[in-house]
Amino acid sequence: MPWTSWRFDEGRLQLLKVYLFHSILKQFLTDGANFLMVFSGSVPLKIQAVYDAVDRLASLFVRLILQPFEESASIYFSINLKREEENEENKKLPKNVLETFLIFTKLIFIFGLIIFPFGFSYARLAAFLYGGKLFMENNADQLLSLYSIYLPIIAVNGLFECFVFAQLNAKKVLLHAKFFSFSVFVHLFLNYFLSNYLGVKGFIIANILNYLARIWFNWRFICVAVKKGDKWMKMLPSKNL
């Protein structure tokens, strides 16, 4: 068959382009702090090494626990949710998918309630065991304490994005990408501003603010899907879990 007879679905091709652009922006958002730290030279190399080691320790936890959970959720939502058409708005979600999303969100909140208090309580001990005197002298325990806030926020954002992206059409994904484009510049500014005043802790705080903004943006789409107010209570931990 001649190659000229091949035809691509224009809608899917457009979606592919949008996702490619979206992935590039996410990479800048993820590694923006590292780029700024390396090229600005505002952080001493010893502090950079401590920050990088703490970040790798937290990343290990993300890869072992959060990433498999997020990938499983992404596969589930991609299979069970139909992507919106361009002219389709406010479609009704399957009940089982909605219930699963609420249960997943509750599990993430429970995870956060576990990580937050234990992270603050044992951050100093973990920093000493992991890096010894060098870590203690460079406030690695404070970085680990901030990560106990940062990790649950990452988990919530990952789940929300899996749920939202499984149903958005190319037009709304492009809207998401525009928000990311704006977020890149804001994120770099926050990294630069906060790091000058707070040191390397400013990079983590800037990341926290960035992920909170992404959660808020995804929440707008989720509120359209989950319309009934009483369903939100199923997202919150209870004595019966």
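Predicted model: local features only at pLDDT ≥ 70, side-chain atom pairs only at ≥ 80, totals over all residues.
## The largest pocket

Let's start with the open space. The largest pocket has a volume of about 1,200 Å³, and 39 residues line it. If you want to find its centre in the viewer, look for Lys26, Thr30, Glu70, Ile154 and Tyr211, the lining residues that lie nearest to that point.

Four helices each put at least two residues into this lining: helix 1 (10–40), helix 2 (45–80), helix 4 (140–165) and helix 6 (201–225). Helix 2 gives the most, with 13 residues.

Helix 2 and helix 4 supply at least two residues each. By class, that's seven nonpolar, one polar and one charged.

## The nonpolar core

The largest nonpolar core has 63 residues, and the members that touch the most others are Tyr51, Val54, Phe77, Phe101, Phe163, Phe203 and Ile204. Helices 1, 2, 3 (95–137), 4, 5 (170–198) and 6 each supply at least two residues of this core. Helix 4 provides the largest share of it, 17 residues.

Setting aside neighbours within four places in sequence, Phe203 is in contact with Ala33, Leu36, Met37, Val43, Tyr51, Asn191 and Ser195. Tyr51, one of those partners, is itself on the list of core members that touch the most others.

## Asn157 in helix 4

Asn157 sits in helix 4. This residue counts as buried because its relative accessible area is 2%, against a cut-off of under 20%. Beyond its neighbours within four places in sequence, Asn157 is in contact with Tyr211, Arg214, Ile215 and Asn218.

An unreviewed UniProt entry lists residues 101–123, 143–166, 173–194 and 200–226 under "transmembrane region". How do two of these spans look in the model? Residues 143–166 are 96% helix and 0% strand, with the end C-alpha atoms 34 Å apart. Residues 173–194 are 100% helix and 0% strand, and there the end C-alpha atoms lie 30 Å apart.

Note on methods
Residues numbered from 1 in each chain as written. Heavy atoms only, no water. 1 Å grid on protein atoms, 1.4 Å probe; cavity = no way out; pocket = protein on both sides within 12 Å on 5 of 7 lines; lining within 4 Å. Points joined across faces, edges and corners; volume = space filled by probe spheres on them. Buried < 20%, exposed > 50% of the residue type's maximum accessible area, 1.4 Å probe, protein only. Contact = heavy atoms within 4.5 Å. Core = buried A, V, L, I, M, F, W, Y, C linked by side-chain atoms within 4.5 Å. UniProt positions renumbered as here; feature names shortened; annotations may be inferred. Nonpolar A, V, L, I, M, F, W, Y, C, P; charged D, E, K, R; others polar.
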